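Visitor: Before we start, I would like each label in this tour to be set against the rule behind it.
Guide: Then let us look at the model together and take the labels one at a time.

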Amino acid sequence: MARTRPSRTAQRSHLALLRALTEAVGVSGDEGEVRRLVREQVEPLADEVLVDALGNLIAVRMGTARRRVRVMLSAHMDEVGLMLTGAEAEGYLHVATVGGIAPHHLLGKAFWVGKDRVPGVIGMTPPHLSAPGDKRRTPGFDQMRLDVGARTRDDALERVRIGDRAAFATPLARLGDAVSAKALDDRLGVAILIELFQAAPASIDLMATFSVQEEVGLRGAGVAAHRLDPQMAIAIDCTPARDLPTWDGSENTAYNTRLGLGPALYTADRATVSDRRLLEHVEAVARSARLPYQLRQPGGGGTDAGSIHRARKGIPAISVSVPVRYPHSPAGLIRLDDWRNTVLLLHAALSRLTPESLTRKRTAHG
Amino acid sequence: MPDDLLPLLLDLMRLPAIPGRETAVADRLQAAWAPLADEVRRTPAGSVYATCRGSGKKPRPSVMLTAHMDAIGLVVADFEGGFLRIASAGSTLTEHLAGQRVLVHGKRLVPGLLVRPPEHCLPPEKDGDSIPLGAFLVDTGLGARQLQALVRIGDAITFDRMGIQLGDGVVAGPALDNRAGLAALTLALHSLSRASHAWDVVLAGLVQEETGGLGARTITHAAPPAIALVVDTTYGRGHGEAEHLTFPLGGGPSNGWGPAAHPAVHERLRLAAERAEVPLTLEPMPRYSESDADLLQVAGSGVATGCLFVPVRNMHSPVEVVDLEDIRRTAAVLTEFVRGLDDAAASSLDRG
């Protein structure tokens with residue numbers, strides 16, 4: 001993969017793909033729209049494409065080198081969103097969240113509801129109408145209603161159905177050297193995996209898994225790993241960059257990752273302790289290729305690696321994520337250079353994998 | 001009744017106009033009003049007004065129909081590295097701000113994202129889930145130096161959200177308070193330009209309602225009216241809101257009743273709605289109208305005021321909701337009110 005900046009044409013086509021992927025609606029359990037986009041991209045180059053019982057799309061591309069490593073790369077297709085759970089006499093709709101969304105990210109926002117993308121909004125009571133002495137607080141999910149402009153329950157249910165999913169109605173936008181879009185977590189990972197699939201190194205048998213239901217408990221990737229039985233796996237995801245200025249100017253020591261410092265490698269999160277040999281391999285490749293990377297602060301969160309590494313007899317796995325600000329909100333934000341450097345580092349690390357990368361003896365520290 | 005209300009309203013909603021920077025809306029109104037009026041002028045404060053001469057004998061009294069052009073918004077308060085801190089322009093609510101796309105009106109339009117910083121970056125003492133306006137940041141994706149070359153403290157920030165149609169005849173989006181009122185005024189002008197009216201009619205788009213009513217304080221000195229009708233928005237009923245404080249969407253406009261409304265003007269509005277066969281609800285305003293009427297009434301030597309309000313749900317949020325039929329009905333009442341003003345009408349304003 002070329003180390004130089006991608007040509008304008010290439011950059012435009014990458015961005016066009018990311019736009020299509022992020023503007024698709026694929027709330028956990030309903031990933032079909034994304035799956036169709038992915039299939040269009042990978043099918044022409046794949047030796048095999050299959051969709052399993054959960055909806056994971058698995059595309060296999062065999063390498064041509066004599067000694068190859070069976071590698072599973074996973075990026076999840078699903079996004080956080082809403083499901084309609086009820087309709088009231090006045091036409092308002094009850095919603096429940098799918099995946100982790102803060103209440104303040106729903107208020108005053110517009111949504112695409114159901115397969116037909118019926119427009120809807122979640123409103124808020126003006127402060128003048130709050131009871132005196134009632135302290136303004138963000139209403140809880142149980143107090144919020146989705147408004148599709150219906151006047152009655154029947155009117156509402158002619159446009160949408162209970163059980164329909166809703167996603168933030170956010171078109172992708174370029175902001176400076178950044179991109180802002182909904183569902184960058186993890187459509188950006190999906191876009192990166194598609195690009196890696198199209199430029200797969202000869203040294204690996206690439207088993208690309210476009211997984212489902214990550215946001216509701218890493219449920220898709222585990223069964224794919226069981227089916228594929230890879231020698232190792234990398235989850236390609238997005239991780240929060242909480243690198244904002246603090247209120248009082250004190251040092252921000254809980255940034256998790258920082259935008260612009262390159263892909264984030266995981267040492268551990270709540271779901272996985274990364275395989276030390278894989279982590280050191282990726283770090284060594286980054287240093288020799290002079291590619292930037294950062295270590296994500298250990299702590300919470302989880303990626304597909306969390307379910308993959310527990311499959312079968314245990315599968316060595318790590319996660320490599322693009323830092324994203326404001327994930328699980330109406331609009332996240334990533335830097336173009338972090339995206340590019342993640343593609344380059346993953347490609348270089350995969351190209352230099354050998355069967356020995358995994359047979360090296362574990363040291364006392366991992 | 002086929003008309004161009006939807007495109008007009010969506011266009012007005014699209015234009016930025018925080019208090020004190022209403023030029024874009026004033027220009028749009030001037031373009032819409034000029035072909036239908038005898039003259040269109042601006043005041044030094046920035047308000048725009050169009051005059052349509054009546055057919056009555058001189059000296060003709062005039063009736064003024066007003067709606068404010070500004071909408072609550074934000075301004076740039078400070079730089080924080082590559083981020084912007086914000087301050088309010090009008091009384092901005094904070095509950096809905098996290099995750100809104102915005103436009104910063106700098107040397108060029110700078111798109112940005114209004115964000116609530118992560119918990120560990122926020123002040124420790126919070127009121128429930130609410131954080132102060134000053135704790136929000138705008139992320140423009142630009143570096144500090146690039147940003148400071150494009151943006152200055154005080155630049156306007158508006159919501160980058162288009163109006164959308166929710167089903168048939170219901171529109172959601174920012175600034176319906178009070179682009180809905182301006183749209184009603186414009187529809188009324190279309191009708192009046194085809195009808196005869198004895199009185200002179202002055203349409204006025206006023207500045208700075210959300211921050212102290214500069215437009216209302218000054219407009220009557222530019223074009224003194226005998227009667228002024230204020231067209232604004234009222235609380236459209238939303239989920240779980242008290243019935244006695246709100247007005248159902250699609251139920252027609254409200255007719256303000258209280259010290260800020262002249263009783264004879266209020267009654268004439270009621271009769272005009274009857275003639276136009278439009279539902280009109282009385283809105284009690286025990287002390288103030290909380291609209292430009294409070295200031296118009298006491299401007300100069302005093303004006304006989306009336307209040308006609310369009311119900312808007314989720315007021316002062318970027319997803320205000322209006323029923324287009326309520327705007328059309330408001331225009332119909334305005335038209336009928338003006339047509340009902342004959343040479344003798346001025347004397348009906350005597351308090352007795």
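**Reading the labels**

Guide: In this predicted model, 53 residues of chain B are in contact with 48 residues of chain A.

Visitor: What makes two residues count as being in contact here?

Guide: The criterion is that their C-beta atoms, placed from the backbone, lie within 7 Å. On the side of chain B that touches chain A, the elements giving two or more residues are strand 7 (109-115), strand 8 (137-139) and strand 11 (170-173) of chain B, and strand 7 of chain B gives the most, with four residues. By class, that side of chain B has 25 nonpolar, 19 polar and nine charged residues.

Visitor: How do you know whether the radius of gyration of chain B agrees with that of a compact globule?

Guide: A compact globule of 352 residues would have a radius of gyration near 20 Å, and chain B has 21 Å, so the value agrees with the rule. The C-alpha atoms of chain B fill a box of roughly 70 × 40 × 40 Å along the principal axes, and buried residues make up 56% of the 352 residues in chain B. Among contacts in chain B between residues at least 6 apart in sequence, 77% join residues at least 24 apart.

Visitor: Why is helix 4 of chain B called oblique to helix 8 of chain B?

Guide: Helix 4 (residues 176-192) of chain B and helix 8 (residues 324-339) of chain B pack at an angle of about 45°, with their axes 8 Å apart. Roughly parallel requires an angle under 35 degrees and roughly perpendicular one of 65 to 115, and therefore helix 4 of chain B is oblique to helix 8 of chain B. The crossing of these two helices of chain B is right-handed, and the residues of their contact divide into 10 nonpolar, three polar and one charged.

Visitor: And what makes helix 2 of chain A roughly parallel to helix 4 of chain A?

Guide: In chain A, helix 2 (residues 32-42) and helix 4 (residues 184-198) pack at an angle of about 20°, with their axes 10 Å apart. Angles under 35 degrees count as roughly parallel, so helix 2 of chain A is roughly parallel to helix 4 of chain A. Helix 2 of chain A passes helix 4 of chain A in a right-handed crossing.

Visitor: Which residues meet there?

Guide: From helix 2 of chain A come A:Val34, A:Val38, A:Gln41 and A:Val42, which meet A:Val190, A:Ile194 and A:Phe197 in helix 4 of chain A. By class, this contact has six nonpolar, one polar and no charged residues.

Conventions: Residues are numbered from 1 along each chain as its sequence is written. Chains are lettered from A and ligands numbered from 1 in the order in which they are written. This is a predicted model: local features need pLDDT of at least 70, side-chain atom pairs count only at pLDDT 80 or more; totals for chains, interfaces and linings use all residues. Axes are lines fitted to C-alpha atoms, for helices over the stretch in contact, and angles run from 0 to 180 degrees between N-to-C directions. Angles under 35 degrees count as roughly parallel, over 145 as roughly antiparallel, 65 to 115 as roughly perpendicular and the rest as oblique. A crossing is left-handed if the near helix is turned anticlockwise from the far one by less than a right angle, and right-handed if clockwise. Ala, Val, Leu, Ile, Met, Phe, Trp, Tyr, Cys and Pro count as nonpolar, Asp, Glu, Lys and Arg as charged, and the others, Gly among them, as polar. The radius of gyration is taken over C-alpha atoms; the globule rule is 2.2 Å times the number of residues to the power 0.38. A residue is buried if 20 or more other C-beta atoms lie within 10 Å of its own, exposed if 12 or fewer, and partly exposed in between; C-beta atoms are placed from the backbone.
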